[in-house]
Amino acid sequence: MQLSTLLKPEAVRVLGTMSSKKRLFQELGEVAQTVYELSASDAVDALQERESLGPTGVGHGVALPHARLPGLERVRGAFIRLEKPIDFGAVDRQPVDLIFALFAPQDSGVDHLKALALVSRTLRDQTVCEKLRANTNPATLHAVLTEAQTSTQAA
């Protein structure tokens with residue numbers, strides 16, 4: 001599994017101020033709709049439902065919200081970099097500015113977990129996160145994310 005197959009370049013966004021986690025999920029729903037032709041409201045509802053089970057803020061300013069959706073053939077991703085971090089209820093209580101959301105098919109088992117592990121491994125790399133925080137161009141952010149995986153596989 002490759003990050004480049006999960007994340008289309010047009011699913012990468014940089015946003016200034018986000019008022020809440022709910023508003024962020026609405027933005028992710030809009031990305032899901034415009035880039036992957038999914039129902040924005042279904043995406044938002046599924047993300048909120050998953051989040052109600054426990055926060056997906058994994059620490060160090062990173063959140064990995066994810067949800068299963070009907071009508072999806074394979075796992076898809078969306079990445080948002082916030083210029084101003086927001087409270088996400090993260091495990092380390094730090095605000096979040098790097099958000100990588102995953103949308104998986106309703107019945108995906110292993111693929112969903114593999115994608116989550118791949119994204120988690122990539123965003124645990126402090127150098128990758130520093131590069132993401134240092135750039136505001138979506139194309140550059142996409143390149144950082146997809147090249148990070150290639151370099152860690154080669155090592």
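Which residues have the most contacts inside the largest nonpolar core? They are Leu24, Leu28, Phe79, Phe100, Phe103, Leu123 and Leu132, in a core of 52 residues. A nonpolar core here is a set of buried Ala, Val, Leu, Ile, Met, Phe, Trp, Tyr and Cys residues joined through side-chain atoms within 4.5 Å. Bear in mind that this is a predicted model: local features need pLDDT of at least 70, side-chain atom pairs count only at pLDDT 80 or more, and totals for chains, interfaces and linings use all residues. Residues are numbered from 1 along each chain as its sequence is written, and side-chain values use heavy atoms, with hydrogens and water left out.

**Overall fold**
- The chain has six helices and six strands, running α-β-α-α-β-β-β-β-β-α-α-α from the N terminus; helices (H or I, at least four residues) and strands (E, at least two) are DSSP runs, numbered from that end.
- With a radius of gyration of 14 Å, close to the 15 Å that the globule rule gives for 155 residues, the chain is as compact as a globular protein of that length. That radius is taken over C-alpha atoms, and the rule is 2.2 Å times the number of residues to the power 0.38.
- Along its principal axes, the C-alpha trace spans about 35 × 35 × 25 Å.
- Of the contacts (heavy atoms within 4.5 Å) between residues at least 6 apart in sequence, 71% join residues at least 24 apart.

**Surface and burial**
- Of the 155 residues, 49% count as buried; buried means under 20% relative accessible area, exposed over 50%, and partly exposed in between (1.4 Å probe, protein chains only).

- Strand 6 (residues 96-105) gives the core its largest share, eight residues.

**Two residues to look at**
- Ala43 sits in helix 3 (residues 40-52) and counts as buried because its relative accessibility is 0%.
- Beyond residues up to four places away in sequence, Ala43 touches Gly29, Ala32, Leu69 and Phe103.
- Arg124 belongs to helix 4 (residues 110-124) and is exposed, at a relative accessible area of 61%.
- From Arg124 to Met18, 106 residues apart along the chain, the C-alpha separation is 23 Å.
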